[in-house]
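Dear colleague,

I am handing a structure over to you, and my notes on it follow below. Please look through the sequence and the model first, then read on.

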Amino acid sequence: MGKKKNIDMNNYGIGIDIVCRYRIKKIFKKFGNKLVNRILSKNEVILFDKSVDKISFISKRFAVKESISKSLGTGIKNNIKFKDFELLNNNIGKPIIHFLDHMKNIIFLLKKKYIYVSITDEKKYILAITILK
């Protein structure tokens, strides 16, 4: 048998977030495009405009971005904003995270090379988990 590898968890960042669709729907009804422009990148806004279920679309991005900020250990505050990352999908639908602007530098300085994201949604809730490695 081969040697067991020890996993250094200090090299990982893990984040999780759960969102209630009703809460996002209520906020969206109140703030509309202000909410969209606060949370979504330019590319995401284009996709949002084409989406059939706008509440699901924005809820997923909100949950993922909160999760990412937690995996960074910062949360959304100070110099970390929702629009600093975007959630897109590859050609088979797999979620892909792109870091934008100054976030590319932060990820480089943290020596993170991979980000894994998983999203699940049910009738009332959306759950997102991210791992930075």
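**What was found**

K70 counts as partly exposed, since its relative accessibility is 40%. Here buried stands for under 20% relative accessible area, exposed for over 50%, and partly exposed for what lies in between, with a 1.4 Å probe and protein chains only. The model is a predicted one, in which local features need pLDDT of at least 70 and side-chain atom pairs count only at pLDDT 80 or more, while totals for chains, interfaces and linings use all residues. Residues are numbered from 1 along each chain as its sequence is written, and side-chain values use heavy atoms, leaving out hydrogens and water.

**Salt bridges**

The structure holds 5 salt bridges, a term for a side-chain nitrogen of Lys or Arg within 4 Å of a carboxyl oxygen of Asp or Glu. One of them joins the side chains of D17 and K70, at 2.8 Å from N to O. D17 is in strand β1 and K70 in helix α4, so this pair ties together parts that are 53 residues apart in sequence. Helices (H or I, at least four residues) and strands (E, at least two) are DSSP runs, numbered from the N terminus. D17 is buried, its relative accessible area being 11%.

R21 forms a salt bridge with D121, and their closest N and O atoms are 3.0 Å apart. Because R21 lies in helix α1 and D121 in strand β4, this pair ties together parts that are 100 residues apart in sequence. The side chains of K60 and D121 also meet in a salt bridge, at 3.7 Å from N to O. K60 belongs to helix α4 and D121 to strand β4, so here the parts tied together are 61 residues apart in sequence.

β4 pairs with β5 (residues 125–132) in the antiparallel sense over 7 bridges, and I119 stands opposite A128 in β5.

Contact means heavy atoms within 4.5 Å.

**Helix α4**

α4 is mostly covered, with 16 of its 19 residues buried. How far apart are the end C-alpha atoms of α4? They are 27 Å apart, which agrees with the 27 Å that its 19 residues should span at 1.5 Å a residue; the expected span is 1.5 Å times one less than the number of residues. R61 is found in this helix and counts as buried, at 5% relative accessibility. Not counting residues up to four places away in sequence, R61 touches L40, E44, L87 and N89. After α4 comes G73, which has a positive phi, near 85 degrees.

**The protein as a whole**

The protein has 5 helices and 5 strands, which follow the pattern β-α-α-α-α-β-β-α-β-β along the sequence. Of its 133 residues, 38% are buried. Among contacts with a separation of 6 or more, 55% are between residues 24 or more positions apart. The protein exposes about 9,200 Å², and carbon and sulfur atoms supply 56% of that area. Accessible areas come from the Shrake-Rupley method with a 1.4 Å probe, and for residues only the protein chains shown count as cover.

Regards

Notes:
Pairing = 2+ DSSP bridges.
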